[in-house]
Amino acid sequence: MNRVNFNSEEEVKEYLHNLETEYNYQCHREKTGEGCYRLGEFYASIKGDFEKATSAYNLSCTKYNHVVACNKLGALHLYGRGVTKDRKKAVEYFTKSCDGGYMTGCYGAGVALSGGETRDVPKAVECLKKACDSDHQESCYQLGSIYLQGLDTVQKDMRKAFQFTLKSCKLDHVYGCANVSRMYKLGDGTAKNEKLSQEYKEKAKDLQRQAKEKSAQMKFGETGGK
């Protein structure tokens with residue numbers, strides 16, 4: 001494959017046209033779920049056409065059981081991008097993704113089940129715990145947040161709040177580390193420990209610094225190093 005000069009508008013247009021053609025072929029002629037998923041990603045990320053993205057993701061998910069495409073469909077229905085907002089459909093697609101073993105789908109189901117007309121907090125906790133058990137950091141953090149204050153029939157439980165928040169921190173969730181620091185300082189869900197409080201505070205600061213550096217590097221790359 002020839003290298004593309006991304007400073008050339010014509011070369012970029014030709015490259016994107018060929019990419020769209022290739023993904024369309026993979027999806028509609030070769031009939032692969034991955035091809036339809038890639039086509040959906042192309043329309044969503046490159047073209048910003050969420051209606052076409054929804055159509056491609058839908059084919060990938062419903063016909064080929066592509067779990068990542070199902071998760072994408074869930075998000076589009078939850079936030080109303082390319083389709084009318086529909087939390088019930090969002091839960092269906094997230095659940096299909098989750099049942100297929102995609103932990104971000106379990107997280108999505110947990111979020112969708114935490115509020116609105118689909119609110120079922122015990123079920124949300126079940127989905128989030130499944131993802132957390134597989135080291136999905138955001139799911140661990142959200143579980144900690146639910147137990148920190150309590151929600152509906154799920155009672156406040158500081159011990160569990162600490163347990164799940166600590167795990168999110170071990171998975172490098174910056175806010176999880178900040179909360180663990182505070183919990184050690186106050187003795188919430190664990191014994192007070194000033195030394196550990198300071199250690200987790202420093203870890204949170206370090207993670208935040210790393211995130212800023214990564215963001216700066218990405219912006220630097222976008223400008224071609226200028």
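The model is predicted: local features need pLDDT of at least 70, side-chain atom pairs count only at pLDDT 80 or more, and totals for chains, interfaces and linings use all residues. Residues are numbered from 1 along each chain as its sequence is written, and side-chain values use heavy atoms, with hydrogens and water left out.

**Helix 3**

- Helix 3 spans residues 50-64, which is 15 residues. Helices here are DSSP runs of H or I with at least four residues, numbered from the N terminus.
- From first C-alpha to last, helix 3 reaches 20 Å, close to the 21 Å expected. The expected span is 1.5 Å times one less than the number of residues.
- At the start of helix 3, a side-chain oxygen of Asp 49 comes to within 3.3 Å of the backbone nitrogen of Glu 51.
- Just after helix 3, Asn 65 has a positive phi of about 55°.
- The buried residues of helix 3 are Ala 53, Thr 54, Ala 56, Tyr 57, Ser 60 and Cys 61. Buried means under 20% relative accessible area, with exposed over 50% and partly exposed in between (1.4 Å probe, protein chains only).
- An α-helix has 3.6 residues a turn, so residues three or four places apart point the same way.
- The buried residues of helix 3 pack against helix 2 (33-47), helix 4 (67-79) and helix 5 (87-99).

**Disulfides**

- The count comes to five disulfides. A disulfide is taken as a pair of cysteine sulfur atoms within 2.5 Å.
- Numbered in sequence order, the bonded cysteines of the protein pair as 1-2, 3-4, 5-6, 7-8, 9-10.
- The link is right-handed, with 100° about the S-S bond. Cys 61 and Cys 70 are both buried.
- Cys 132 and Cys 140 form another, their sulfur atoms 2.1 Å apart. With 105° about the S-S bond, this link is right-handed. Cys 132 and Cys 140 are both buried.
- Cys 169 and Cys 177 are also joined, with 2.1 Å between their sulfur atoms. The torsion about their S-S bond is about 95°, so this disulfide is right-handed. Cys 169 is buried, as is Cys 177.
- Cys 127 counts as buried because its relative accessibility is 7%.

**The largest pocket**

- The largest pocket holds about 160 Å³ of space. A pocket is an open set of points on a 1 Å grid over the protein atoms alone, where a 1.4 Å probe fits, with protein on both sides within 12 Å along at least five of seven lines.
- Its lining is made of Ala 44, Phe 50, Tyr 57, Asn 71, Lys 72, Ala 75, Leu 76, Tyr 79 and Arg 81. Lining residues have an atom within 4 Å of a point.
- Helix 3 and helix 4 are the elements that give two or more residues to this lining. Helix 4 gives the most, with five residues.

**Ser 97**

- Ser 97 is in helix 5. Ser 97 counts as buried because its relative accessibility is 0%.
- Leaving aside neighbours within four places in sequence, Ser 97 is in contact with Val 67, Cys 70, Asn 71, Tyr 102 and Gly 105. Contact means heavy atoms within 4.5 Å.

Conventions: A polar contact is a pair of N or O atoms within 3.5 Å; within protein, one must be able to donate a hydrogen and the other to accept it, and residues adjacent in sequence count only if both atoms are side-chain atoms. Grid points are joined across faces, edges and corners, and a volume is the space filled by probe spheres set on the points.
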